[in-house]
Amino acid sequence: MCNANDLLYKIWDYYDSINSLSSAEEKRLLSIVVKYEENLTTILSDEDKLIFNKFNDSLSELNYICRRDAFIQGIKFATEYLMEATTKEQTT
């Protein structure tokens, strides 16, 4: 049996897979990041490139975890809020 967090993780994975780079601002910033990354990789040594790639992978993972956790906290907050609002409406 899956717990609530497992279910929310699955919802997040689905949401994240269909909602990547939705805004023009995100696309613009990504193109800037790619440009800088290309510039860096042309001047870095092979060893530095490995370190840089590990840094990028770690940063990407951290970003994913932060976005996922914010999404889950938002779902939990909205659920609690709606439950409380519904309960108050039923008692009045």
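Guide: A helix here is a DSSP run of H or I with at least four residues, a strand is a run of E with at least two, and both are numbered from the N terminus. The structure is a predicted model, in which local features need pLDDT of at least 70 and side-chain atom pairs count only at pLDDT 80 or more, whereas totals for chains, interfaces and linings use all residues. Residues are numbered from 1 along each chain as its sequence is written, and side-chain values use heavy atoms, with hydrogens and water left out.

Visitor: In which helix is confidence lowest, and in which is it highest?

Guide: The term to know is pLDDT, the predictor's confidence in each residue, from 0 to 100. Confidence is lowest in helix H1 (residues 4-18), with a mean of 80, and highest in H2, with a mean of 91. For the chain, the mean pLDDT is 86, and 93% of the residues reach 70 or more.

Visitor: How many salt bridges does the structure hold?

Guide: A salt bridge requires a side-chain nitrogen of Lys or Arg within 4 Å of a carboxyl oxygen of Asp or Glu. The structure holds 1 salt bridge. Its partners are Arg68 and Asp69, whose closest N and O atoms are 3.2 Å apart.

Visitor: Are these two partners buried or exposed?

Guide: Relative accessible area decides the matter: under 20% is buried, over 50% is exposed, and anything in between is partly exposed (1.4 Å probe, protein chains only). Arg68 is buried because its relative accessible area is 16%. Asp69 counts as partly exposed because its relative accessibility is 33%.

Visitor: Over which ring does the charged end of Arg68 sit?

Guide: A charge sits over a ring if NZ of Lys or CZ of Arg is within 6 Å of the ring centre and within 35 degrees of the ring normal. The charged end of Arg68 meets this rule with Tyr9, at 4.4 Å from the ring centre. Lys35 likewise lies over the face of Tyr36, 5.1 Å from the centre of that ring.

Visitor: What else is Tyr36 part of?

Guide: Tyr36 has its place in helix H2 (residues 24-43). Together with Leu29 and Ile32, Tyr36 makes a nonpolar surface patch of about 270 Å². Patches are made of residues with over 30% relative accessible area and no salt bridge; like charges are joined within 9 Å, and nonpolar side chains (Val, Leu, Ile, Met, Phe, Trp, Tyr) within 5 Å. Accessible areas come from the Shrake-Rupley method with a 1.4 Å probe, and for residues only the protein chains shown count as cover.

Visitor: How many aromatic pairs are there?

Guide: Rings of Phe, Tyr and Trp (its six-membered ring) pair if their centres lie within 6.5 Å; planes under 30 degrees apart count as stacked, over 60 as edge-to-face, and the rest as tilted. The count is 3 aromatic pairs. One of them joins Phe77 and Tyr81, which are stacked at 6.1 Å centre to centre with 25° between the planes. Both residues lie in helix H3 (residues 46-91), 4 residues apart, about one turn of the helix, and both are exposed. Elsewhere, ring pairs link Trp12, Tyr64 and Phe71 into a cluster.
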